[in-house]
Amino acid sequence: MSGLSLQSYEPRGRPPKTPKVLVAKLGLDGHDRGAKVVARALRDAGFDVVYTGIRQTPEQVVEAALQEDVDVIGISILSGAHIHHVSRLMELLRDLGEDIPVTVGGTIPLPDIPRLKEMGVREVFLPGTPLQVIVEKMRRLAEERQGARKI
Amino acid sequence: MQGRYSGDTGGLEERLLNLIERARGGSRALAGKLLSVLETPSPEAGVLLRLLIEKSGGNHVVGVTGIPGAGKSTLASQLIAEYRRRGLRVGVLAIDPSSPLSEGSLMADRLRMQRHATDPGVFIRSLASKGLLGGLSLAALAMVEALDAFGYDKIIVETVGVGQADVDILDVAHTILVVTMPGAGDDIQALKAGVMEIGDVYVLNKSDKPEAEQTLEFMKFALEAGTVSARHGWTPRLVKTSAVQGTGIPELADAIEEHRVFLEEKGLFAQRVEDRRVKLARLYARSLVDDMVEEIVGEKRAEILDTLRKSPDPYRSILDLVLEELRMRLQRL
Amino acid sequence: MKVFKAPLCIMCVPTYPPRGLPMPSLFSERELDEIEERLKRWEEGPLRRSLERYPERRDRFTTLSGIEVKRVYTPADLRDYDYFEKLGLPGEYPFTRGIHATMYRGRLWTMRMFSGFGTPEDTNRRLRFLIEHGETGLSLAFDFPTLLGIDSDDPRASGEVGVCGVAVDSLLDMEIIFRGIDMGQVTTNMTINPPAPILLSMYVAVAEKQGVPRDRIGGTVQNDPLKEFMAQKSYVYPPEAAVKIAMDVVEWSVKNLPKWNPISISGYHIREAGSTAVQELAFTLADGIEYVRHLKGRGMEVDEFAHRLSFFFDSHINFFEEIAKFRAARRMWARIMREWFGARKERSLWLRFHTQTAGVSLTAQQPWNNVVRTAIEALAAVLGGTQSLHTNALDEPFRVPSEFAAKLALRTQQIIAYETGVADTVDPLAGSYYVEWLTDKMEEEAWRYIERIEAMGGMTEAVKKGFPQKEISDASYRFQREVEEGRRHIVGVNIFVEEEDEELRNVPLLEIDQEEAERRQVERLRRLRSERDNALVERRLRELREVARRGENLMPYILEAVKAYATLGEITNALKEVYGEWVEPPII
């Protein structure tokens, strides 16, 4: 046994683990319409969603993600300061040796998308991205994360 | 075979002990992951639980419930701040109601406490009432053991206070806070009697509102008239707070402390710990049997209906039908 | 605090004529009966045949507020329609047709473009550029730290300084922004809320240094705290304190700055947060009601301040609904002021408003389409009788507008004003059966919301309960689902989608050197803190805290603190010590 998995010995076999996502607004802007819509869509699609609200610092987001042990971190940011805050967030995760997948949604100019991806952001969602697409990508990331879980 | 119970717990125990030690030492990442293991009963979870119980039992579990909108989360946040000022470490389980319409859940109570997120002496975990095998209460009780073992001096369990799951969790807390607010008289009446009766400390939050005095009188009356019963001879306390302005919080912490001392003196503190462990066992066994009975009844629907029509002793026949199958399944575990 | 209690609902508003008398109507009973008769025959005949051959595109057609739109409107939809009660003439009660007799034939609306980014120097250059291109009023956008009363050298500001607007930390910055601009000649709109008294004080202090007398200082501060709790979310203090501080600004301005609009009661952010048009209308007016009540509670006469209240609405893409919303808003506010609050002066009854086209309607996909959306929305605002207008730039889904995009947006307004002829007659859509029906409908549904809010004890209580927050969140989710399910169309998003969006790649974007802006602000603050009279600053801040505890009007003390070069963050923190800080209820 190389590591401890989360499998159960229930007679019905392993119950499907509900994917758990943190939805957070990074930075100082209060535009939470998108974050809330996405949070609700994920909930309706069967996710456990932890919503931490507006004005979060990268430190607060990382701490909440660890304490809640989420499968994906979904960041929403519309203040234009995404490069600054997200690079700090990714740095914190890296320093802790945590590879929780991170997605970023909001008003992101195209040239910034490759920069975010280089930092390790897995998906970038621009305004107008269908909720269905967001939900599916989040689900895939959560499954990937759960598959790789060891303790 | 990964994840299956191998019977060999030697290596596992050692590893888990190491992880527990690191969680006690302040790794919140590991604490978070260990709590996830406890979400679902499994052999590993069982071993973990045993190891946790060796270390837990000494810390104070405070249940917080009350009417919606009374400001439970803000109050919990202020209480955390007060405990931190007193040099205590605080663990929080925030239990959110989930949408009855869907499979998933949306947990936002944490939002009010987020300012403590980066404080190394505070650990906050949200729990939804869906998707946990064996139910929310079972997972919550196991997590209480964990937070206790990780060395959090105060463990705050915040719930909505309606429904069986909440009551299950609440009545094993050492101290129960029931939070209400001015002008909520009707709501108090409407609250499930089960919850209103279990308070050790009643909190009138938002007491800066003009109607506060009237509600306070009402609550005093309710307490004196004995509409709320005193557990083990403790006279419930009544505290006025304003969580937004932060007033009345030290007094609240003092009242909670008085109750803890009362429990210790009466030898009830350790008894509550035992009670919650027995409750955990009961909830686990019951959920397992419940689920099985559910399945069996589903499979044997036609036979049951037939039995009800034809058997000379239908109750007896149902037992034969269902219990026989249940016995077999339990043996297969 | 609630000294004055207004009647609960429109049912209490006296109706004209008194019940029992026949209503004067646009059409006679005989004509209306005949129209209904003809309509019935039309439905059974030509309509039915047409539907058999050409089915309609949808089962139901609805506005963005979910109001079902009928196939065709006739005078029969306006039965019992009293022209004078509902419309009147331009510049006459209830002002449905406009607050001025000549409207745009006299003076066009003010073309006010929201601008500001980077350092005060950058913004100063942009403002002078806009003045050269014919802009008639200035409008300042502040960065997020400024909006929240946070100094540029605060760790929380890191990465945000100068990004979404200009950074203002102290009087020094305001002096730079208005270098070379005669503050007696321009009017300036400042979109600022919790720190409104601080920014207004800075503006006044700089104008005084320029030698501009107080009665020539003109402009607006947004200063509308209640909508911050339900939308926008740049709140700082708890609701009661926030309203108190905002009303200090109103009271002080009314007495000291006769030309200043000390509040812009804003539906814009409510709408951008995802509300419907009806909610925008209702919540904005309910905010206004709350403020009027508060000011009356201070012992002010309604006619003393009512003419200084101004409004700010969104203009979204559902063309007729927006026009109906603006017209209904004017009529409702006039009623509220006259019937509820007993205003007597005509100007007290006016709902003067600024409009911004809907940022939320713009798409990142095929961004050039945004020019067209903005033009249509701007047209609705003009047909709805706005007093001033901001048109969004096409690149706003990405960033603060580039110079080119900002100019194109201004040109859009100029084309409407100078080429189309829509400004040549007053309220040209009046009398459209549909528009009048829809105006009535908007009003009716908005009253229903206002009644619910009144029953909760007014808007301060309602936002503490999270009522409007929940309504907005539900509406926004509903809309998104409709888009997802294809029941609402957005070109480029869920219809006429282009896989390879070439346009998207070709939008030129404004480059802001954020790090440089932050470095300069931090440096300026460092110098300021070492060079100013710190003992004086300390004294001013101490006085401010004392005054706040006593409950007096804060404005004179904030003005003194600003003149002593106390920073935005220092003043905000002093007030936070007294009033506390708000954390929102978890409503999703």
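Okay, let's start with helix H21 of chain C, residues 555-563, where the buried residues are Met555(C), Ile558(C), Leu559(C), Ala561(C) and Val562(C). They sit on the same side of H21(C), because they cover an arc of only 165 degrees around the axis. That arc is taken from the directions from the helix axis to the C-beta atoms. Buried here means under 20% relative accessible area, exposed is over 50%, and partly exposed is in between, with a 1.4 Å probe and protein chains only. Helices are DSSP runs of H or I with at least four residues, strands are runs of E with at least two, and both are numbered from the N terminus.

Quick housekeeping. This is a predicted model, so to speak of local features we need pLDDT of at least 70, side-chain atom pairs count only at pLDDT 80 or more, and totals for chains, interfaces and linings use all residues. Residues are numbered from 1 along each chain as its sequence is written, chains are lettered from A and ligands numbered from 1 in the order in which they are written, and side-chain values use heavy atoms, leaving out hydrogens and water.

Back to H21(C). What covers its buried residues? The cover includes helices H5 (171-177), H6 (196-210), H8 (239-256), H20 (534-550) and H22 (568-579) of chain C; contact means heavy atoms within 4.5 Å. After H21(C) comes Tyr565(C), with a positive phi near 65 degrees.

Now pick one residue in H5 of chain C: Met174(C). Met174(C) counts as buried because its relative accessibility is 0%. Setting aside neighbours within four places in sequence, Met174(C) is in contact with Met190(C), Leu199(C), Met202(C), Tyr203(C) and Val206(C). Its C-alpha is 10.0 Å from that of Val204(C), 30 residues apart along the chain.

On to the cores. A nonpolar core is a set of buried Ala, Val, Leu, Ile, Met, Phe, Trp, Tyr and Cys residues joined through side-chain atoms within 4.5 Å. The largest one has 111 residues, and those with the most contacts inside it include Leu42(A), Trp109(C) and Met459(C). Helix H10 (residues 277-297) of chain C gives the most to this core, 11 residues. Apart from it there's another core, of 65 residues, with Leu148(C) and Trp260(C) among them. As for Met459(C), the residues it touches, not counting those up to four places away in sequence, include Leu226(C), Phe283(C), Asp287(C) and Pro468(C).

Next, the sheet. Chain C has an open sheet of 9 strands, in the order S5-S4-S3-S2-S1-S9-S8-S7-S6, with parallel pairing; two strands pair if DSSP finds at least two bridges between them. Which strands are at the edges? Those are S5 (260-261) and S6 (263-266) of chain C, each pairing on one side only. S1 (residues 110-115) and S9 (residues 388-390) of chain C pair over 2 bridges, and Met111(C) stands opposite Leu389(C) in S9(C). Helix H14 (residues 403-418) of chain C packs on the sheet, touching S1 and S9 of chain C.

Val583(C), Pro586(C) and Ile588(C) supply 57% of the area that chain C buries against chain B. The contact takes 8 residues from chain C and 7 from chain B. Chain B itself comes to 13 helices and 8 strands, and buried residues make up 56% of its 333 residues.

Conventions. Axes fitted to C-alpha atoms, helices over the stretch in contact; angles between N-to-C directions. Buried area = accessible area lost by both parts, 1.4 Å probe.
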